[in-house]
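The sequence and structure are shown below.

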Amino acid sequence: MTLYEILKIKGSTVFTIHPQATLDEVVSELVRRNVGCLVVCDRGLDEGERIVGVVSERDILRFVASGKGPLNATLLSSIMTTDVITGSPQDSVEATMGLMTTRRIRHLPVLSQGRLVGIVSIGDIVKFQHDRLALENQFMKNYLTS
């Protein structure tokens, strides 16, 4: 089982935001989209759109707890995570689960040939594994009762 299979089911929609957005705008976008993470992308004339970071609810909470300033006066680029860990559609679900657990990340942008093609959350991974195990369990029950 691969990330491609998860993206095929859940879709490839990824919500992005630009690094010059204020944290106030980030919070509004997270709420509007009902998501826990946004991929931060910059658009250049030569290279097109490229990932420069990610921002999650946890990043916003850490900033608020630090008391460093108001959300409407702070740029996203000053707090976003720039060391972005990514996956590939060919990555196995099991390896991805291990990566996300080890690196303590809840959202993984998925790239194919350098292009953003989707994002998976730890919740997506758990749901996929749960559904697969439930299906296998049902097959085993059917086999044993027939």
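## Largest pocket

A pocket is an open set of grid points, on a 1 Å grid over the protein atoms alone, with protein on both sides within 12 Å along at least five of seven lines. In this predicted model, the largest pocket holds about 320 Å³ of space. It is lined by 16 residues, of which V54, T81, R104, I105 and R106 are the closest to its centre.

Strand 3 (48–56), helix 3 and strand 4 each contribute at least two residues to this lining. Helix 3 provides the largest share, three residues. By class, the lining of the largest pocket comprises six nonpolar, three polar and seven charged residues.

## Second largest pocket

The second largest pocket contains about 200 Å³ of space. Its lining includes M1, I6, K10, D124, F128 and L135. Helix 1 (3–10) and helix 5 (122–145) each supply at least two lining residues, and helix 5 gives the most, with six. The lining of the second largest pocket divides into five nonpolar, no polar and five charged residues.

## Positive phi angles in loops

N34 is not a glycine, yet its phi is positive, at about 55°. N34 lies in the loop between helix 2 (23–33) and strand 2 (37–44). Because its relative accessibility is 70%, N34 counts as exposed.

R104 likewise has a positive phi, near 55°, and is found in the loop between helix 4 (93–103) and strand 4 (107–112). R104 is exposed, with a relative accessible area of 68%.

## Surroundings of S88

S88 is located in the loop between helix 3 (57–66) and helix 4. A polar contact of 2.5 Å joins its side chain to that of Q90. Leaving aside neighbours within four places in sequence, S88 is in contact with L3, V110 and L111.

Conventions:
Residues are numbered from 1 along each chain as its sequence is written. This is a predicted model: local features need pLDDT of at least 70, side-chain atom pairs count only at pLDDT 80 or more; totals for chains, interfaces and linings use all residues. Side-chain values use heavy atoms; hydrogens and water are left out. Helices (H or I, at least four residues) and strands (E, at least two) are DSSP runs, numbered from the N terminus. Buried means under 20% relative accessible area, exposed over 50%, partly exposed in between (1.4 Å probe, protein chains only). A polar contact is a pair of N or O atoms within 3.5 Å; within protein, one must be able to donate a hydrogen and the other to accept it, and residues adjacent in sequence count only if both atoms are side-chain atoms. Contact means heavy atoms within 4.5 Å. On a 1 Å grid over the protein atoms alone, a cavity is a set of points where a 1.4 Å probe fits but cannot get out, and a pocket is an open set with protein on both sides within 12 Å along at least five of seven lines; lining residues have an atom within 4 Å of a point. Grid points are joined across faces, edges and corners, and a volume is the space filled by probe spheres set on the points. Ala, Val, Leu, Ile, Met, Phe, Trp, Tyr, Cys and Pro count as nonpolar, Asp, Glu, Lys and Arg as charged, and the others, Gly among them, as polar.
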